[in-house]
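Subject: Structure for you to look at

Hello,

Please find the structure we spoke of below. My notes on its cores, cavities and pockets follow.

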Amino acid sequence: MLPPSNASGIAPTNPSSGIAAANFLLFIFLFTLHFSLLSAQTLTVVELNCENLFDCRHDSLKQDHEWLPTATRRWTPSRYWRKLNNIGQTILSSRSEGVPDLIALVEVENDSVMRDLTRRSLLRGAGYEYIMTESPDVRGIDVALLYQPFTFRPLCYECLTVPPLKGMRPTRDILYVRGEVITGDTLHIFVVHMPSRYGGEKHSRPFRLQVAETLATAVSSLLPGSKVFVAGDFNDYADSPPLARLSQQGLANITAGAQGINGTARGTYRYQGIWQSIDHVLANAPAAAMVQSAFVNDSPFLLEEDNDFGGYKPFRTYNGYRYQKGFSDHLPLVVTIRLTP
């Protein structure tokens with residue numbers, strides 16, 4: 001559903017409606033601040049692949065033609081706004097009290113999409129700010145970090161470009177954000193989206209290893225004792241060579257074996273009836289010591305029946321080219337970090 005708009009461009013003449021709207025936004029602000037301060041001893045981090053969060057406009061520099069109203073998928077404004085609200089609902093459902101503090105998002109197209117998500121969707125009253133990349137990816141998809149200004153203050157950020165190998169298409173930049181939490185500690189956050197397995201696992205493996213090497217180099221440049229978290233879609237499993245390379249750099253997979261909190265999901269992704277995890281959150285030793293819990297958000301509304309293999313699977317936006325009003329083909333990972341001893 002499209003958000004309300006004032007087509008005339010003239011401010012409303014009914015003062016009571018303006019006061020009511022202002023009071024509502026103030027309530028949401030105070031509600032969010034209240035729970036942020038109450039939960040100051042913990043920080044909630046969510047990782048989510050949004051499954052093609054594109055707007056409906058063509059970027060002449062990108063291959064985004066299938067995500068237009070006239071394309072086969074018929075990606076109309078109404079579907080776009082439903083998708084934004086679905087992603088907002090997914091994020092809000094990932095914490096039982098208050099809202100998550102940090103959200104690493106994968107497969108978001110551009111700044112316009114992020115502005116609509118944070119300012120005009122279900123998240124509009126939650127107070128999120130965001131930082132994102134502008135990558136050379138040919139489709140135009142990027143990664144982003146949403147954050148709560150009450151509990152995380154960015155100090156600096158950088159977009160790390162991955163040098164392409166021979167035969168490798170330009171891929172997504174790695175987003176690096178250094179920020180301060182409410183206790184005064186500094187966290188180093190990396191958001192990644194490694195190349196897919198297009199062309200086969202063996203063919204594409206060197207491309208993911210190249211991303212891992214770029215990330216490992218960045219982590220090695222940080223001061224000893226830094227608290228490092230890496231979150232994203234690695235398009236690979238916990239025992240894969242790219243994750244083994246990152247393990248050599250001291251990054252442990254703190255979500256390895258994470259299960260659905262409701263007991264349904266045994267991973268973040270389901271392929272041909274088998275639950276798998278290609279989404280991960282990694283941490284070095286100082287950061288891993290802060291981890292309190294890690295699970296998959298398998299809220300019932302994020303799932304649908306798997307008619308081919310039985311059980312349930314993520315309720316995605318499209319089944320092939322058939323639009324089905326779903327959320328994403330990935331489920332969110334949720335990590336709770338303890339900030340106080």
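Helices (H or I, at least four residues) and strands (E, at least two) are DSSP runs, numbered from the N terminus. The model is a predicted one.

Largest pocket

With those element names, the lining of the largest pocket can be described. β1, α4 (201-220), β10 (269-271), β15 (312-314) and β16 (318-319) each give at least two residues to that lining. In total 49 residues line the pocket, and Glu107, Ser196, Asn235, Tyr269 and Asp329 are the ones nearest its centre. The space inside comes to about 1,400 Å³. Sorted by class, the lining has 16 nonpolar, 16 polar and 17 charged residues.

Cores

There are 36 residues in the largest nonpolar core, and Leu102, Leu145, Phe152, Leu187, Ile189, Phe229 and Ile337 have the most contacts inside it. At least two residues of this core come from each of β1 (42-53), β2 (102-108), β4 (142-147), β6 (174-181), β7 (186-193), β8 (227-233), β12 (279-283) and β18 (333-338). Another core, of 32 residues, lies apart from it; Leu84, Ile87, Met114 and Leu146 are among its members.

Phe152 is worth a look on its own. Beyond its neighbours within four places in sequence, Phe152 is in contact with Leu102, Leu145, Tyr147, Val177, Arg178, Gly179, Glu180, Val181, Leu187 and Ile189.

Cavities

How many cavities of 30 Å³ or more does a search of the whole structure find? The search gives 3. The largest cavity holds about 40 Å³ of space. Its lining consists of Val45, Leu102, Ala104, Leu145, Ile189, Phe229, Ala231 and Val281, with β2 and β8 each supplying at least two of the lining residues. By class these are 8 nonpolar residues, with no polar and no charged ones. Leu102, Leu145, Ile189 and Phe229 line this cavity and are also listed among the residues with the most contacts inside the largest core.

Helix α2

α2 covers residues 77-92, which is 16 residues. From first C-alpha to last the helix reaches 23 Å, close to the 22 Å expected at 1.5 Å a residue. Its buried residues are Tyr80, Trp81, Lys83, Leu84, Asn85, Asn86, Ile87, Gly88, Thr90 and Ile91. Among the elements covering them are β1, β2, α3 (111-119) and β4.

Regards

Conventions. Residues are numbered from 1 along each chain as its sequence is written. This is a predicted model: local features need pLDDT of at least 70, side-chain atom pairs count only at pLDDT 80 or more; totals for chains, interfaces and linings use all residues. Side-chain values use heavy atoms; hydrogens and water are left out. A nonpolar core is a set of buried Ala, Val, Leu, Ile, Met, Phe, Trp, Tyr and Cys residues joined through side-chain atoms within 4.5 Å. Buried means under 20% relative accessible area, exposed over 50%, partly exposed in between (1.4 Å probe, protein chains only). Contact means heavy atoms within 4.5 Å. On a 1 Å grid over the protein atoms alone, a cavity is a set of points where a 1.4 Å probe fits but cannot get out, and a pocket is an open set with protein on both sides within 12 Å along at least five of seven lines; lining residues have an atom within 4 Å of a point. Grid points are joined across faces, edges and corners, and a volume is the space filled by probe spheres set on the points. Ala, Val, Leu, Ile, Met, Phe, Trp, Tyr, Cys and Pro count as nonpolar, Asp, Glu, Lys and Arg as charged, and the others, Gly among them, as polar. The expected span of a helix is 1.5 Å times one less than its number of residues.
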